[in-house]
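This report looks at a few local features of one protein model, moving from a surface patch to a helix and then to a sheet.

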Amino acid sequence: MMYFARWKIAAILGGIVLAAILVIPSFVPKDRLGAAGEYVPWRQFHLGLDLRGGSYLLLEVDMEAVIRERLGNLADGARTRLRGANIGYTGLASQGRSVTLRMTDPTRSQDAVRLLRELANPITVGLAAPQPDLEVTAAPDGTIAITLSEPLLREKATQAVEQSIEIVRRRIDETGVVDPVIARQGANRLLVQLPGIQDPERIKQLIGTTARMTFHLLDDTADLSARTPPPGVMFLDGDRGPGGQPTRYAVRRRVEVDGANLTDARAGQDSRTSEWVVNFTFDSIGTRRFAEVTRNNVGRPFAIVLDNRVITAPVIREPITAGRGQISGNFTVASANDLAVLLRAGALPAPLTVIEERTVGPDLGADSIRAGAIALAIGFVLVIAWMFAFYGLFGLFANIALIVNMILLLAVLSLMEATLTLPGIAGILLTLGMAVDANILINERIREEAKRGRTPMNAMEAGFKRAFATIVDSNLTTLLAMAMLYAFGSGPVRGFAVTISVGIMCSMFSAIVFVRMLMVQWVRARRPAALPV
């Protein structure tokens, strides 16, 4: 245990030198290294919102929109099924969390209830058996109500928030923001932190856009001057016409092809007109459905609708079977790229509303860095002075190990491209104290063994052996606590857990391996009669 072969010494020192090289990119700009910068693995840790400055957004998911969409689908499904069965009804409408209608022939109420129950989707909550997401009831006067169940509403809320988090993350990643924090807060809110973004208007626009694209046929028989559309039709606006008024379209509610079947969307220029367009590609299901619709409706206008606005409504000239299409609509370079980003990331399940917005300036971040660096330096100096005063030369070895521990910790954070926040700096300072604890245990054990009359080499070996189990136990329990923090925390809490965990592993190496190597080499070189501890 107290013998180090030359290759072990070379491996230890080589690893420390490599770690020092890996730390360089986090502190020295690449252009200042000149040609040497090309040989350095250019990974670095990033500063979080509290150190670098940036934007803080708190978003709320509009659950009423999710409910309205489900009720609209139920109304369309009820209309289609009852008409297909030749069952007469009147007053089909949605209110609150129900869709209601009145039978023209109350004796057929049970037939209608049986058909409408087929609109239910089974949902599973926890370990319970699947149950329908709606309840269908009939009154004696022929009134039928389709009501959404409470388990459905809770499940929808959970799904909407989780899906929104994933889609928001994809959209922000497309913009190149480094290390954003996107986390759930409460039942229906999302926390978004954007380090380095001082003007988040474009990000807000990308996040707040639902970006649900659907393809619909137009209704040629509808009267566009009417105040209310006929059943199964909706009036939507498009681009502004020559008079400055938006063009009105009578769009059928039935979704022929859903944008959820898109696999890719890219901005480009039309080869004939040179105007900016968005080229899209469908998956196999979308390709088959798109080909079927265009084959059966040649000569009819086909509207592309984005968030209840008609982007374009070209006439189908021929069947489109390749699963590719093009969206044109007076795009600029920026708007075409933004639309492509939104379509690639997918549609939000519900609109998001910004309910709180804050901007952290870089000056405040610089003050935080300065305060954290001062605290770290003061703590480091005090620890070094205390160790040297109490343990002499072996305390000096422990101090050198602290510097090595810091280099290793920063190197690992750089390799991980981790985000450093104020809690992370606190974690680094705490790691220094924990690393010192290991050296104190070792030095005290060595001191005890030396007082018992052991030779220097035997005292060192017994000291390391007796302290090893205690050090492992204490660090293992801390690692378990940090694992829980990482699993259940978010943002800066996770950063704190990562910093502590990495620091513990580095301190195990520096305190047990590196310090032992220094002590062994000193004892073999000096052959002291007594240990300076």
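A residue counts as buried when its relative accessible area is under 20%, as exposed when that area is over 50%, and as partly exposed in between. The model discussed here is predicted, and Leu18, with a relative accessible area of 47%, is therefore partly exposed. Leu18 belongs to helix 1, which covers residues 6-23, and together with Val17 and Ile21 it forms a nonpolar surface patch whose accessible area amounts to about 250 Å².

Helix 11, spanning residues 422-451, contains 30 residues and extends 44 Å from its first C-alpha to its last, close to the 44 Å expected at 1.5 Å a residue. Just after helix 11 comes Gly453, whose phi is positive, at about 95 degrees.

The model also holds an open sheet of 4 strands, arranged in the order 3-4-8-7 with antiparallel pairing. Strand 3 and strand 7 stand at its edges, and because each has a single partner strand, one side of each is left without a neighbour in the sheet. On average, and with direction ignored, neighbouring strands of this sheet are turned by 15 degrees against each other.

| Strand | Residues |
|---|---|
| Strand 3 | residues 89-95 |
| Strand 7 | residues 134-138 |
| Strand 8 | residues 143-148 |

In general, the strands of a sheet pair through backbone hydrogen bonds, in either a parallel or an antiparallel manner. Here strand 7 and strand 8 run antiparallel and are joined by 5 bridges; Val136, for instance, has Ile146 of strand 8 as its bridge partner.

Notes:
Residues numbered from 1 in each chain as written. Predicted model: local features only at pLDDT ≥ 70, side-chain atom pairs only at ≥ 80, totals over all residues. Heavy atoms only, no water. Patch = residues over 30% accessible without salt bridge, like charges linked within 9 Å, V, L, I, M, F, W, Y side chains within 5 Å. Areas by Shrake-Rupley, 256 points an atom, 1.4 Å probe, with all protein chains shown as cover. Salt bridge = Lys/Arg side-chain N within 4 Å of Asp/Glu carboxyl O. Helix = DSSP H or I, 4+ residues; strand = E, 2+ residues; numbered from the N terminus. Buried < 20%, exposed > 50% of the residue type's maximum accessible area, 1.4 Å probe, protein only. Expected span 1.5 Å × (residues − 1). Pairing = 2+ DSSP bridges. Axes fitted to C-alpha atoms, helices over the stretch in contact; angles between N-to-C directions.
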